[in-house]
Amino acid sequence: MSDSLLFNGREGAAMMEPEEFSDEDHEQILERVAAVDVGKASGMVCLRVPDPVKQKRSNRVWEVPATTNAVIEMCDRLVQEQVMKVTLEATSDYWRIWFYLLEAAGLDVQLVRAHDVKQAPGRPKTDKLDAVWLAKLTERGMLRPSFVPPTEIRVLRDYSRMRVDLTHERTRHYARLEKLLEDALIKVSAVASSMDTLSVRDMIEALIAGERDPKVLAGLARGRMKVKHAELVEALTGRFDTHHGELARILLNQIDSLTRQIDQITGRLTELIDQIPAAQGTDRDGVTGPGIGTGPDAVVSPAVERLSKIPGIATRSAQTIIAEIGLDMSRFPTPAHLVSWAKLSPRTIQSGAKRTNGRTGKGNPYLKGVLGEAASSAGRTHTFYGQRYRRIVKRRGKLKALVAVARSILVSIWHLLANPETPYQELGADHYATRVDGNRKVRNHVRDLQALGYQVSLQPMA
């Protein structure tokens, strides 16, 4: 028997030639690295460099207070040591002072999740050993850096997330106001579409002012609410007294204050985005700047306007998306990288012959929130996204259909930001129908009928 057919003492298994792969750039062993085990008041720093005397690697570990001057002094020392990469472990918000100052010093710094740097089994848990372990993983390129946007996008993020938080707080105040009206036996929320309509606001203001006649209150309805006059009369018949009016006034003042703050942040976000060169448009004559590129002959539209062309995405949603993922898509080489980072990619778990679907993961809550709202809105439209939602919801359910549409929207966002000159093109609700193989569909139906015992003959229609 030929020796080429012998492999590990077994017959019939042919020896395969090994295939050679080169390490990626981020997998190369780095000679001079540093790592910081971040804490609230201080950080344990490990500098790992070659030792020419002992002909091996040496670790220098020391504690640095988490203050600006102390961290800057540490940065100067790392620059003098010609450190090639610095790793920080993401610990609450305590990593920010380290990352920002190391970045300002010109060092290559990466932020990694604590989940990715779990210590080896059996090793004692101390800050010093954690710092050394981080440095060892760094020099071998075994860590995946987290996405930390540049400074101007971080500023946008602060404003955008504050607006989201204030919006949630305003929603909670509306819920408290509805609960207060229920206590006063006022059921206006059962008739009105929402509590923030102008009609409901006029009725509550009249109640606070002392008006108790339900017919007069119902007469304050505007627009389409006027046709619900009889229902409003019944809903506004209750026991609204003085203490309800005082509490309602406090809640309305809080809502008005939050609304002013939200509008202020929105205006500030618009100004900041217009100041970023990558977010500006370009006219046909090459002129670029704030407010440029909104005409029909523009070569490049502003980033917010490009994203607003996607069904389900409004101006505020586009601002939030830019604040969360930035404008430079080189950080995400392909749309799949961005979708995976946002935890919207499908996940399959295989064990032997069994395959199950896994959860997508938590991801960025602000980004997933705005994409979920966009997917919900797009799912009700007569567009490609609406048809995609309706196709999937029949067999996979609402939640998975929304995730699938949100993923498709994010892929479109990547293309619009990576290729600013490429406008958004709607595929249409008939995108899937026009791509169905008619002959294949006919064969499938004939096969199904034959399996049921029918003899099928086909006659084309005239």
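The model is predicted, with local features needing pLDDT of at least 70, side-chain atom pairs counting only at pLDDT 80 or more, and totals for chains, interfaces and linings using all residues. Residues are numbered from 1 along each chain as its sequence is written, and side-chain values use heavy atoms, leaving out hydrogens and water.

Trainee: How are H12 and H14 oriented to each other?

Mentor: Helices (H or I, at least four residues) and strands (E, at least two) are DSSP runs, numbered from the N terminus. H12 (residues 365-378) and H14 (residues 398-418) pack at about 105 degrees, axes 8 Å apart; axes are lines fitted to C-alpha atoms, for helices over the stretch in contact, and angles run from 0 to 180 degrees between N-to-C directions. Angles of 65 to 115 degrees count as roughly perpendicular, so H12 and H14 are roughly perpendicular.

Trainee: In which sense do S3 and S6 pair, parallel or antiparallel?

Mentor: Strands of a sheet pair through backbone hydrogen bonds, either way. Here valine 33 stands opposite lysine 85 in S6. Over 4 bridges, the sense of pairing between S3 (residues 33-38) and S6 (residues 85-89) is parallel.

Conventions
Parallel < 35°, antiparallel > 145°, perpendicular 65-115°, else oblique. Pairing = 2+ DSSP bridges.
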